[in-house]
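Here are my notes on this one, jotted down as I went through it. Have the viewer open while you read.

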Amino acid sequence: MFDKLEVVEARYEELTKLISDPEVIANQSEWQKLIKEHSSIEEVVQKYREYKKEKQRMEDAKEITDTLLASKAVILNLNNIDIDLARRVLDFAMGTTYAINGTLQKITDSIFVIVPDGVDISGAFVDNITQ
């Protein structure tokens, strides 16, 4: 099923380029046919892209949790991420931090360090983040 969705998404991208091509636009009957096809698959493609984004977010959240459970610190950089997604990731990270009795330190408005209980961070890294 996902292979078929990949094919549909690739076709959508191809159509997006074609309907912007001046040569295609000049041929109104062809352009209208392509616009109609583009429109007919647009909603499916948008939903598939939302699914892929959510799947990636879940994989990232699992990776954060697995890293913390392995007693390793995590630097969480939420720069250039949609604000709603950043909030969700941060909420998840805070919940995981609480569950493992760790600590979460805000470095900047969008960068955080999460440290599992019993893990000590010292040296140049600490000096750099406290400046």
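1. First, the terms for the strand points: two strands pair if DSSP finds at least two bridges between them. Helices (H or I, at least four residues) and strands (E, at least two) are DSSP runs, numbered from the N terminus. With that in hand, Lys106 has Phe112 as its bridge partner in β3.

2. Some housekeeping before going on. This is a predicted model, where local features need pLDDT of at least 70 and side-chain atom pairs count only at pLDDT 80 or more, while totals for chains, interfaces and linings use all residues. Residues are numbered from 1 along each chain as its sequence is written, and side-chain values use heavy atoms, with hydrogens and water left out.

3. Now the sheet. It is open and has three strands, in the order β1-β3-β2, with antiparallel pairing. The edges are taken by β1 and β2, each with a single partner strand, so one side of each has no neighbour in the sheet. From one strand to the next, the twist averages 20°.

4. On the β2 side, strand β2 (residues 103-106) pairs with β3 in the antiparallel sense over four bridges. Thr103 stands opposite Val115 in β3, and Leu104 has Ile114 as its bridge partner there. The two strands, β2 and β3, form a hairpin with four residues between them.

5. How enclosed is β3 by the rest of the structure? Largely, because four of the five residues of this strand (residues 111-115) are buried. For the cut-offs, buried means under 20% relative accessible area, exposed over 50%, and partly exposed in between (1.4 Å probe, protein chains only).

6. Leu68 is worth a click. This residue lies in helix α3 (residues 28-69) and is buried, at a relative accessible area of 2%. Leaving out residues up to four places away in sequence, Leu68 touches Val74, Thr96, Ile100, Ile114 and Pro116, where contact means heavy atoms within 4.5 Å. Leu68 and Thr97 are 29 residues apart in sequence and 8.1 Å apart in space, C-alpha to C-alpha.

7. Thr96 gives the view from the other end. Its place is in helix α4 (residues 83-99), and Thr96 is buried too, with a relative accessible area of 9%. With the sequence neighbours up to four places away not counted, Thr96 touches Thr65 and Leu68.

8. Last, the surface. Met1, Phe2 and Tyr51 make a nonpolar patch of about 350 Å². Patches are made of residues with over 30% relative accessible area and no salt bridge, with like charges joined within 9 Å and nonpolar side chains (Val, Leu, Ile, Met, Phe, Trp, Tyr) within 5 Å. A salt bridge is a side-chain nitrogen of Lys or Arg within 4 Å of a carboxyl oxygen of Asp or Glu. Accessible areas come from the Shrake-Rupley method with a 1.4 Å probe, and for residues only the protein chains shown count as cover. Met1 lies in the segment before α1 (2-18) and counts as exposed, at 71% relative accessibility.

Terms used
Axes are lines fitted to C-alpha atoms, for helices over the stretch in contact, and angles run from 0 to 180 degrees between N-to-C directions.
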